[in-house]
Every structure is written in structure tokens, then in C-alpha cells.
Amino acid sequence: MTLTFGQALAMKRLATRQGDAAPDPDAFRMTVRTTGAVETFTIPCQNLGTFNATVGWGDGSTSTITAYNDADLAHEYATAGDYQISITGTFPHIYFFNTGTSKGKVISVDNLGAVGWITFDSAFWGCSNMTSFTAGTCDTSSVTELRNMLRACSSLAVADVQTMDTSSVTSVSRALLGLGSLTSCTISGWNVEAVNTWNFFAQSTTIPTADYDATLIAWAAQDVVDSQSVDFGSSTYTSGGAAETARTSLINDDLWTITDGGAA
């Protein structure tokens with residue numbers, strides 16, 4: 001069968017939308033869901049850093065972004081459905097900041113990529129329908145702020161953030177506050193040696209015990225900033241083993257004040 005140009009283009013777009021094409025490992029990717037016809041999704045940003053990026057909207061269309069308030073950061077989808085947005089180039093941050101209607105359309109972050117990230121301050125705050133966050137292949141070595149990053153993402157079940165380079169991060173205040181549905185939270189790989197601001201870090205959140213155990217063990221082995229007050233919400237640790245020993249070390253040797261749910 002011989003396809004017309006239009007038919008071939010439509011099939012290519014469908015294959016891309018369905019994920020048949022190999023994704024660019026350096027691209028930031030997130031999936032959004034629209035529920036009605038002619039619905040607009042906006043990627044919110046703040047006036048910080050330099051933008052020079054291409055956004056693929058997952059429906060076959062693309063936009064070139066050169067400013068934080070570029071009009072093309074808003075995109076209209078003709079039909080309801082799930083669309084994976086991809087961003088390549090230089091895109092230093094996203095800033096949902098618990099405002100606007102688009103935050104409720106995000107259902108997953110699939111790869112952070114290498115797009116020149118400099119901050120995640122309030123990046124996904126309020127994305128209450130997001131169920132999974134996967135850092136994947138990424139370069140976050142220049143990021144200094146995780147404050148409010150996933151705050152109030154109340155449907156988040158999987159926070160796979162182990163691959164994030166957090167060696168430059170100084171603030172994680174409220175980064176994991178209000179995550180009510182976690183089944184996996186891999187933060188043990190975070191380098192927290194430079195963090196000196198922890199206010200309400202994971203308040204009203206329960207990190208699964210195995211993940212909390214791994215976090216305590218890994219962080220106790222680091223040269224953390226002394227005399228910090230760290231809130232792990234209702235997370236519980238395994239008593240009588242390495243996790244309890246690590247927790248005790250953070251309290252006695254590093255002078256941390258730890259709030260958590262106690263022994264499991």
C-alpha cells in the first residue's frame with residue numbers, strides 16, 4: 001500500500017505519541033492528561049536563567065521557547081488523551097508553584113534529562129494527580145534548591161529520584177511535604193552534605209520503611225551539616241539493626257533532631 005504524505009506523517013506522529021520512537025535520553029519528559037476537547041496546557045516558568053529549548057507536545061507539534069514567558073509555553077490539544085511532552089535544549093526550571101489549572105493535568109514525570117536545570121524550587125508543587133516521578137537519566141549538578149519540589153503531590157506513589165545529583169543543593173524545605181500515597185521513595189542516593197535548610201522536609205509523609213532505613217544508613221555515612229532539625233513525617237525504621245544505629249549516629253554525632261514515626 002502506498003501512503004500519501006499526509007498519511008505517512010500521521011502515522012509517524014502516532015508512533016511518536018505511543019512511544020515507539022526511541023526517546024532522547026537528554027530530554028525532559030512528562031506526561032499530561034487532558035479530559036476534554038480543545039484543552040490548553042501551560043508549562044509555567046519564572047524569570048530565572050536562559051531559555052533556548054524545543055518543546056514537543058506529544059501530538060506531533062513543536063514549539064521553540066526563548067523566554068520564561070514565551071507565549072508558546074501554552075499549547076492547545078484538540079482531543080482528550082494522554083500526551084508525553086518532551087523538552088530538549090536549555091530549559092532551566094519549571095515552576096507550577098501550586099497555581100493554575102495545568103498542575104492538575106500532570107500525571108507523571110518520566111525523565112528529568114539534561115536541559116540545564118538550575119533549580120527545582122516549587123517545581124511540581126500542587127501536581128496532585130501525578131502518580132510517578134522518575135528522575136531517570138539526568139544532569140542536576142547545578143541545582144541548588146529542592147524547596148517545595150514535590151510538595152502536595154498527594155497522589156504520588158513512586159518517587160524514583162535516586163539518580164539526581166544533589167551535591168550542590170542547600171535547601172530541601174518542604175520538598176516531600178504532604179505525599180500521602182508513597183509506595184517507593186528512593187532518596188538514599190542523595191548527597192545531602194551541603195544541605196543546611198530542612199524545614200518541614202517530609203512532614204505529613206510516610207516514606208516506606210525499607211526506603212527510610214536505606215536513607216538513614218546512607219546519610220549517616222555522609223559528612224552532613226550538624227545541628228539540623230529534620231522531619232521525616234510518619235516514616236518508621238527497623239529497630240535493632242543498621243538503620244537504628246545510623247539514626248542514633250545522626251542524633252548523637254551530628255546533633256540532628258529527627259522527627260519520624262519511630263520504630264516499625
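Two strands pair if DSSP finds at least two bridges between them. Helices (H or I, at least four residues) and strands (E, at least two) are DSSP runs, numbered from the N terminus. The model in your viewer is predicted: local features need pLDDT of at least 70, side-chain atom pairs count only at pLDDT 80 or more, and totals for chains, interfaces and linings use all residues. Residues are numbered from 1 along each chain as its sequence is written, and side-chain values use heavy atoms, with hydrogens and water left out.

**Stop one: strand β7**

Please select residues 106–111, which form strand β7. Five of these six residues are buried (under 20% relative accessible area, with exposed over 50% and partly exposed in between, for a 1.4 Å probe and protein chains only).

Look for Met30, which faces Val109 of β7.

Next, bring in strand β8, residues 132–134: two bridges link it to β7 in the parallel sense. Which residue of β8 is the bridge partner of Val109? Click on Phe133, and you have found the partner.

**Stop two: two loops**

Most residues other than glycine have a negative phi. Go to Asn98, in the loop between β6 (81–90) and β7. Asn98 is not a glycine, yet its phi is positive, near 60°. Asn98 counts as partly exposed because its relative accessibility is 37%.

Finish at Leu255, in the loop between α3 (242–252) and β12 (257–259). Leu255 also is not a glycine and has a positive phi, about 60°. With 48% relative accessibility, Leu255 counts as partly exposed.
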